[in-house]
Number of protein chains: 2
Amino acid sequence: MRRIRIPDATIRRLPIYLRVLRELEDDDVAVISSADLAVRTGFSSEQIRKDLAYFGAFGVRGVGYSVSQLEDQLRRILGLDKEVRAALVGAGNLGTALTRYNVNRHKDVKIVAIFDNDPAKVGKTIEGVRVYPVEDIADIIRENEIKMGIITTPASSAEKVAELLVRAGIRAILNFAPVKLGSTDAVAVRNIDLTLEFESLAYYAAGEEKRPETS
Amino acid sequence: MRRIRIPDATIRRLPIYLRVLRELEDDDVAVISSADLAVRTGFSSEQIRKDLAYFGAFGVRGVGYSVSQLEDQLRRILGLDKEVRAALVGAGNLGTALTRYNVNRHKDVKIVAIFDNDPAKVGKTIEGVRVYPVEDIADIIRENEIKMGIITTPASSAEKVAELLVRAGIRAILNFAPVKLGSTDAVAVRNIDLTLEFESLAYYAAGEEKRPETS
DNA sequence: GACTGTGAATAAGTTCACAGCT
DNA sequence: AGCTGTGAACTTATTCACAGTC
């Protein structure tokens, strides 16, 4: 359906635009220019126009963008117009915290199943979400049409878990285990490696260097 | 001391090299070539050589890099040869999980103080780390020479907390609150915005698109 | 007059290709 | 012969600049 390849950098900015649009909607702002969005997001107005133009001409020249229409478009583009269901594997500290965080905050992407090997955890619920044994991954994921996986296992089992998830039909993985998952290409992988964040920030904490405002 | 500006992309790869070097050291490997490092890290060998060359000529032509020497160099470059002390602000679910994660895993960067406004939490300890009231930020940070801040507060207070940290002399901030912190330039900021990660991954979970192996 | 959409220019980062040590 | 260090080519992403529309 789409012609050209959209840069991941663009995809990563879309939820930021969406967040601002939601705030604007709450404040009953009907129309917004790319220049105003630039002020509110910290990106340049050209960048915003270019990002949005990848998906169509949503704006009106001389006027700007309709807040509610653009919000709908972004939700549709990101696939957030339907509920996105996720499964989390690894019910440790981080997994539990992420589940609580997700359930309480989020309506768009919803953790609907947790998997763990520890018999003491299986059968219980975390913030209302049931913990299943890892053997059930394939069944539960298929039954519930889960499309996203979150890995919060130790590094040693992350690769194996990723394979299970991919085989079960998962399309996107958010990996918190401190390993770089082998790039399959049937699945989008995003690694959040906290150790790496700590260690690379140490460079700036220690040195005289300044800079990076990064996500 | 250093001539040119080192790309943040390079800084982010250094801890990955370091991780591999530690594994090699454990396996008693003494020398490694950039080609071998490439296999083990997933980056190209030219990239690795170029990254390392920013900081000096650590390798030996025709031979490779000394594992232990390169490890020492990287630790020094990243400032991990000295203990890096960090303070965490916001003792909620995520803050607590991060503290546990950090204390149990990490020797390089160490959370030594937690701040929270909730009187029920102040005075207690989390995984052995004491919780202080937010008013004490400036004193505690200066007394303990804390150089890194971790923000796990709600979005509404993140900006204010960041200012307090910067005024107290913090050099690097890891921000988990769902707001983009205003770029001061006296401090390095890295944002980990979980909502953004979920929402941008939804694009790949829903669509027919494949791809990004990203950190 | 104001603001979008976009080709052209620039900047940043990565890969190529090879000269230079050991 | 083998592997590093690095200028040059290339690729990708961002910024500039302006024509086009309301």
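Reader: Is A:I77 buried or exposed?
Author: Happy to start there, with the reminder that this is a predicted model. A:I77 has 22 other C-beta atoms within 10 Å. A residue with 20 or more counts as buried.

Reader: Thanks! In which helix is A:I77?
Author: The helix in question belongs to chain A and covers residues 67–78. A:I77 has its place in that stretch, which is helix α4.

Reader: Which residues does A:I77 touch, not counting residues up to four places away in sequence?
Author: With those sequence neighbours set aside, there are partners from chain A and from chain B. From chain A come A:L14 and A:F55, and from chain B comes B:Y203.

Reader: How far apart in space are A:I77 and A:A188, C-alpha to C-alpha?
Author: Along the sequence, 111 residues separate A:I77 from A:A188. In space, taken C-alpha to C-alpha, the two are apart by 16 Å.

Reader: Let's turn to the two chains. Which element gives the largest share of the side of chain A that touches chain B?
Author: In this contact, 58 residues of chain A meet 58 residues of chain B. Elements of chain A that give two or more residues to this side include α1, α4, α5 and α8. The largest share is 13 residues, and the element that gives them is α8(A).

Reader: And how many residues on that side of chain A are nonpolar, polar and charged?
Author: Sorting the side of chain A that touches chain B by class gives 16 charged and 12 polar residues. The nonpolar residues there number 30.

Reader: Now the DNA. Which element gives the most to the surface near DNA strand D?
Author: DNA strand D is surrounded by 27 residues, with A:R61, A:G62, B:A57, B:G59 and B:G62 the closest. Two or more residues each come from α1 and α3 of chain A and from α2 and α3 of chain B. With six residues, the element that gives the most is α3(B).

Reader: Which element has the largest share of the surface near DNA strand C?
Author: Here too the count of surrounding residues is 27, and the closest are A:A57, A:G59, A:G62, B:R61 and B:G62. The elements giving two or more residues are α2 and α3 of chain A, along with α1 and α3 of chain B. The largest share, six residues, belongs to α3(A).

Reader: Last one: how many residues of the surface near DNA strand C are charged?
Author: Divided by class, this surface has 10 nonpolar and nine polar residues. The charged residues number eight.

Conventions:
Residues numbered from 1 in each chain as written. Chains lettered and ligands numbered in written order. Predicted model: local features only at pLDDT ≥ 70, side-chain atom pairs only at ≥ 80, totals over all residues. Helix = DSSP H or I, 4+ residues; strand = E, 2+ residues; numbered from the N terminus. Buried ≥ 20, exposed ≤ 12 C-beta atoms within 10 Å, placed from the backbone. Contact = placed C-beta atoms within 7 Å. Near = placed C-beta within 6 Å. Nonpolar A, V, L, I, M, F, W, Y, C, P; charged D, E, K, R; others polar.
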